Amino acid sequence: MEYEIEGGAFPIVVCTLQKGERMQNETGAMAFMTSGMKMETSTGGGLLKGLGRALSGDTLFLNYFSAEEDNQKIGFSACSPGKILPIRLNGSSTIIGQKNAFLAAEDSVNVDIHFRANLGTGIFGGEGFILQKFSGEGMVFLEVDGESIVRELQPGETLLLDPGHIAAMDESVQYDIQRVKGAKNILFGEGLFFARVTGPGRVWIQTMPISKLAQALIPFLPTKTE
């Protein structure tokens with residue numbers, strides 16, 4: 001499978017498949033496909049797995065696309081302004097993504113739910129208890145809000161972030177929350193909690209979480225008049 005990401009701030013990943021190659025995606029992300037592609041829809045491993053995926057922010061069903069001829073193309077588009085993040089899994093690596101991160105992947109990639117073990121992290125961490133986990137071997141494409149940067153953390157190295165800015169991270173990265181100190185900082189600063197991530201591993205940071213974009217647009221929305 002080969003791919004190319006196009007579209008700027010409203011991206012689409014166009015994948016070229018050879019005969020027999022197969023892709024999976026969340027329902028609604030497919031923008032176009034050539035006539036030599038075949039589509040099937042299923043829960044991707046049974047009803048319970050589909051329900052778990054729905055709890056993590058995606059759809060109950062997955063679409064599977066198989067190339068019946070060589071050089072077939074299919075495009076998967078993001079649902080909000082931002083980036084499409086391509087990550088290649090090598091069979092031993094696992095990526096944890098934010099809710100709604102999954103866009104599409106090769107059929108050899110496993111898409112599962114991931115529970116945060118720490119109660120406080122789940123309540124105050126900004127994205128809830130349930131995240132998404134991607135393992136296996138092959139390409140996975142994730143949606144990122146705004147632009148994205150990646151930080152490679154060394155063992156024991158710690159980074160503090162606004163919780164909503166974490167797009168994805170290696171499973172090896174430890175994730176917890178840290179309370180902001182000082183009443184002024186809480187009232188007039190960055191809120192009650194920081195996300196604290198500790199290496200080793202990569203952390204992908206998104207610059208404009210969709211929740212912050214929605215808040216920024218509220219003053220410009222028309223108000224209801226009687």
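Select Ala105 to begin: leaving aside residues up to four places away in sequence, Ala105 touches Met23, Gln24, Met139 and Val140, where contact means heavy atoms within 4.5 Å. The model is a predicted one, in which local features need pLDDT of at least 70 and side-chain atom pairs count only at pLDDT 80 or more, while totals for chains, interfaces and linings use all residues. Residues are numbered from 1 along each chain as its sequence is written, and side-chain values use heavy atoms, with hydrogens and water left out.

Staying with Ala105, show strand 10 (residues 102-106), in which this residue lies; strands are DSSP runs of E, at least two residues long, and helices are runs of H or I, at least four, both numbered from the N terminus. Ala105 counts as buried because its relative accessibility is 0%, buried being under 20% relative accessible area, with a 1.4 Å probe and protein chains only.

Finally, colour the protein chain by pLDDT, the predictor's confidence in each residue from 0 to 100: confidence is lowest in helix 2 (residues 119-124), at a mean of 46, and highest in strand 2 (residues 12-17), at 98.

Note on methods
Buried < 20%, exposed > 50% of the residue type's maximum accessible area, 1.4 Å probe, protein only.
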